[in-house]
Amino acid sequence: GNVYLLRGHLLCAAAELAPLGKSEAARWLGDAAEPVLEECRREGRVVVQGQRQTPGINESETWLRYVPVKGRKSPKDEVSLRDIDPVQFKVLVRGNSIPLETLDQKMAFMRLHPGALYMNQRTTYFVEELDQVARVAWVVPRNTSRLNYYTECREHSTVILAGGGAARSANLPEGCPNELTCVVRSGPVCVNWRMYGFRKRAKTDHSIMDQIDLSLPPVEYPTQAVWMDLPGQVLQPLNEAGHSVDRGGLHALEHAMIALAPLCCDLEAAELSCQHTRRDSDPNRYLLLLYETQKGGAGTAAKVYAQWEMLLARSVKLLQECPCEQGCPNCIVIPGCGEYNHGLDKVAAIKVGTMLGFGSGVLGSSSLGVNAKLASARILLQSGAVKAEGDPPSLATTGGAAAASAIAPPTAAPAAVMAPVATLDAKTTLLSQKGPGGEESAAQIAETSAVALAPASAPSALASAAS
């Protein structure tokens, strides 16, 4: 169980039941309750009241009573219904004692660092001071129209394996190249998160206006993780081909797995994270690793560990079937990335998956080009750029890229043009099943689907877009 949640429950039980028996705590909260109670006893939060015979129990029971500590809140007041982190920061406006909200330590450092622009209830505030002793962030309102920039934090997370846990051989598909042997592991880790500065970016073109360094203490917390050891037979060819193995390929594959985890493992995507900001000094940067964002863990890692192969297989399939070339929000671009989705390498991620035996082979550059043409045909249908018969021709193009450029700016379209494009989306999945000569077949699919979905007055324009 989660030791943070368990500690709060035990203290509340000791205060309300007065006293609390050790056997009762073990019966309600499991075997993990005893070491937590012992830790609370050493801290002086609970004391042993004595031992006496209890009806229905053959052996003498140990009773524990909660001891109020001067200057500390009662256990029920220390337990937050919004977050289990005991370290909470208040957001106060200068001249007002009513807090706008409370944030845990990590979120406070990210959003309430000195110099940050903080938004609450559609109002923008400038953070003047972050008092780490009183755990208060002092802010003042600002007029958004006079601000020409926004702020983004610069952070880095290091994952340290704590040892122990479970391990098993990965169930790779039959016919896996090179007869690889990989191990899937699950166990405790320690996450060291540090925010070392922030950037000011212009609202107009998102260019960097200034870069400021900060000296905030690191945030360390234990949690649970799942990872796979990848052999050199998988990683070395990627490096020789010029790919960024850790910050590009593994990072992109982890993004796809996080995006699909809710469909495979019955969890929320926000419950998982990965090594977004890999650095050369990180000891585990070549592991395919996902860890729980909740301090202490909440059982999410166990679900991912049980469904690891299925999650990995579906992630590789998603990458191969997505029509984009370099990554998009449909495959590897996710919110909450510490690197803001920079440096992702979709092709390297696909190669990692196919070397492990998942998917249907690495898509070459020609197939990726056909995917771009299919995406362009879809854009034409959705944007209403098709001209009715008799209008001046504006889509006399010979490639998908030129067809996409012809739609800017988009023009109004008849209602018949805005037809569903589900058929076209479904047919793009056939790309991963094509062998030699698949490019011509895929282009023919795009042409047939586009013409079928377009009004009868504009078949030639869509046909040229899919050619």
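Mentor: Start with β9 and strand β11 (residues 183–202), which run antiparallel and are joined by 13 bridges. This is a predicted model: local features need pLDDT of at least 70, side-chain atom pairs count only at pLDDT 80 or more, and totals for chains, interfaces and linings use all residues. Residues are numbered from 1 along each chain as its sequence is written, and side-chain values use heavy atoms, with hydrogens and water left out.

Trainee: What makes β9 and β11 a pair?

Mentor: Two strands pair if DSSP finds at least two bridges between them. Here 13 bridges join them, so β9 and β11 pair. Y149 stands opposite A202 in β11.

Trainee: Why is strand β9 (residues 149–161) called mostly covered?

Mentor: Of its 13 residues, 10 are buried. Buried means under 20% relative accessible area, exposed over 50%, and partly exposed in between (1.4 Å probe, protein chains only). Strand β3 (residues 61–66) is mostly covered too, with 5 of its 6 residues buried. In the chain of 467 residues, 45% are buried.

Trainee: What joins β3 to strand β1 (residues 20–21)?

Mentor: 2 bridges, and the strands run antiparallel. The pairing rule asks for at least two, so they pair. G21 stands opposite W63 in β3.

Trainee: Which strands form the open sheet, and in what order?

Mentor: The order is β5-β4-β8-β7-β6, 5 strands with mixed pairing. Its edge strands are β5 (102–104) and β6 (117–120), as each pairs on one side only. Within the sheet, strand β4 (residues 88–93) and strand β8 (residues 136–142) pair in the parallel sense over 4 bridges. V139 in β8 is the bridge partner of V93.

Trainee: How do you know that R41 and E38 meet in a salt bridge?

Mentor: A salt bridge is a side-chain nitrogen of Lys or Arg within 4 Å of a carboxyl oxygen of Asp or Glu. R41 and E38 come to 2.5 Å, N to O, so the pair counts. They are 3 residues apart in helix α3 (residues 33–43), which means about one helical turn separates them. The structure holds 16 salt bridges.

Trainee: Which parts does the salt bridge of R168 and E309 tie together?

Mentor: Its closest N and O atoms are 2.6 Å apart. R168 lies in strand β10 (residues 166–169) and E309 in helix α9 (residues 308–321), so the pair ties together parts 141 residues apart in sequence.

Trainee: Is E309 buried or partly exposed?

Mentor: Buried, because its relative accessibility is 12% and the cut-off is under 20%. R168, at 24%, falls in between and is partly exposed.

Trainee: What about R247 and E339?

Mentor: Their side chains meet in a salt bridge at 2.3 Å, N to O. R247 lies in helix α7 (residues 245–265) and E339 in the loop between α9 and α10 (346–355), so the pair ties together parts 92 residues apart in sequence. R247 is partly exposed at 36%, whereas E339 is buried at 16%.
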